[in-house]
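Student: I would like to go through the charged pairs of this chain. Please show me the model.

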Amino acid sequence: MNNKIISILVLSSFFVSNASLLAFDLSKVGGDVEVGFKVKDYEEAGASRNFRESNVALTLKPNKSKSLAFKFGFADRVFNESKESNRKEQSREMSEFYIENMYIWGKLMFRPEIGMRYTDFHNDEMKLDSAKEYRFYPKFTYTFNRNWSLYSRGFISYTELKDSYVSKDWATGNIKSESRYGYKHRLEGGARYTFNRKHALSVALADDTSGVNKFDYDVDGTQVRFRYHYSPTRNLKLVPFFFWGVDGERVSTSNKKTEVKRDMLGVNTHYKIKKDLELIGKLNYEWRDDDNENGGNGNKDHWFYSAGIKYSF
């Protein structure tokens, strides 16, 4: 018998015998869909700059009573810069996919998440083509009692950044591209004290580092983060926060060091219109003080806004 026919028969018998495993029970499927936007406005190097981003995210649970979840996200971000009569525009598209599960051992809840983010650059001033980040989120919560708990959030990743233009062979016209590789993490660990149903306070230490990025700097930053969790009603949650930069440094390929201090003040808002529909908002102001050995290169103050609506099913 023809090998191709045999292969088809074997594959068909596999699907028939395992149909019950592969089929989804739509009545058990759960998840949520979130649609939103982000805006950042700031002044830098004598220019007015901003970005506008629209985004959508989908979480799917094959069984809503279980913790296994598949997450998909897409965002389209456009950067604008205006300086006197000069105006530039750049854009990037970001796609991501993650798998998340949850494990509970006594008072410890471990919720690992693993996946990838892909960024496609357009008209980038540094001639970037694309970036891949393979991310792992080692999230956990350890609950001592009804008041005290410890937690972690953030990710570690391996990054590949591709430059679309490194050099050109003028004889053939061929463009040489190149990739840079490096380690990156944004991690936060802290403690939370819950006073009662309405009030809680959390304090955390956050560390941010990147060995490969758009400007090819080595970047390190540390913040102490304070959050106050206030729920005046069961449908509304307000989280004002203050992030205090205690250390930060940027080192260029020429080994030039720049000290960077970043502080942030803002508020997160969650409001449930009804059981399956929620409004999410964020507003913050960030001020930066960048100093180097030559006396400083200016402050960069940022306004950031975001809003979204999430439907759960």
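Tutor: First, the rule: a salt bridge is a side-chain nitrogen of Lys or Arg within 4 Å of a carboxyl oxygen of Asp or Glu. This is a predicted model, where local features need pLDDT of at least 70, side-chain atom pairs count only at pLDDT 80 or more, and totals for chains, interfaces and linings use all residues. Residues are numbered from 1 along each chain as its sequence is written, and side-chain values use heavy atoms, with hydrogens and water left out.

Student: How many salt bridges does this rule count?

Tutor: Side chains of opposite charge can pair when their charged atoms come close. Under the rule above, the count is 20.

Student: Is Glu53 buried or exposed?

Tutor: Glu53 pairs with Lys38 in a salt bridge, 4.0 Å from N to O. The two are 15 residues apart, Glu53 in strand 2 and Lys38 in strand 1; strands (E, at least two residues) are DSSP runs, numbered from the N terminus. Buried means under 20% relative accessible area, exposed over 50%, partly exposed in between (1.4 Å probe, protein chains only). At 6% relative accessible area, Glu53 is buried.

Student: Which strand holds the salt-bridge partner of Lys71?

Tutor: Lys71 meets Glu100 in a salt bridge of 3.3 Å, N to O. Lys71 sits in strand 3 (residues 69-83), and 29 residues away Glu100 sits in strand 4 (residues 86-100). The partner's strand is strand 4.

Student: Which residues form a network of salt bridges with Lys71?

Tutor: Lys139 and Glu113 form a salt bridge, with closest N and O atoms 2.7 Å apart. Lys139 lies in strand 7 and Glu113 in strand 6, so this pair ties together parts 26 residues apart in sequence. The residues networked with Lys71 are Glu100, Arg111, Glu113 and Lys139.

Methods
Helices (H or I, at least four residues) and strands (E, at least two) are DSSP runs, numbered from the N terminus.
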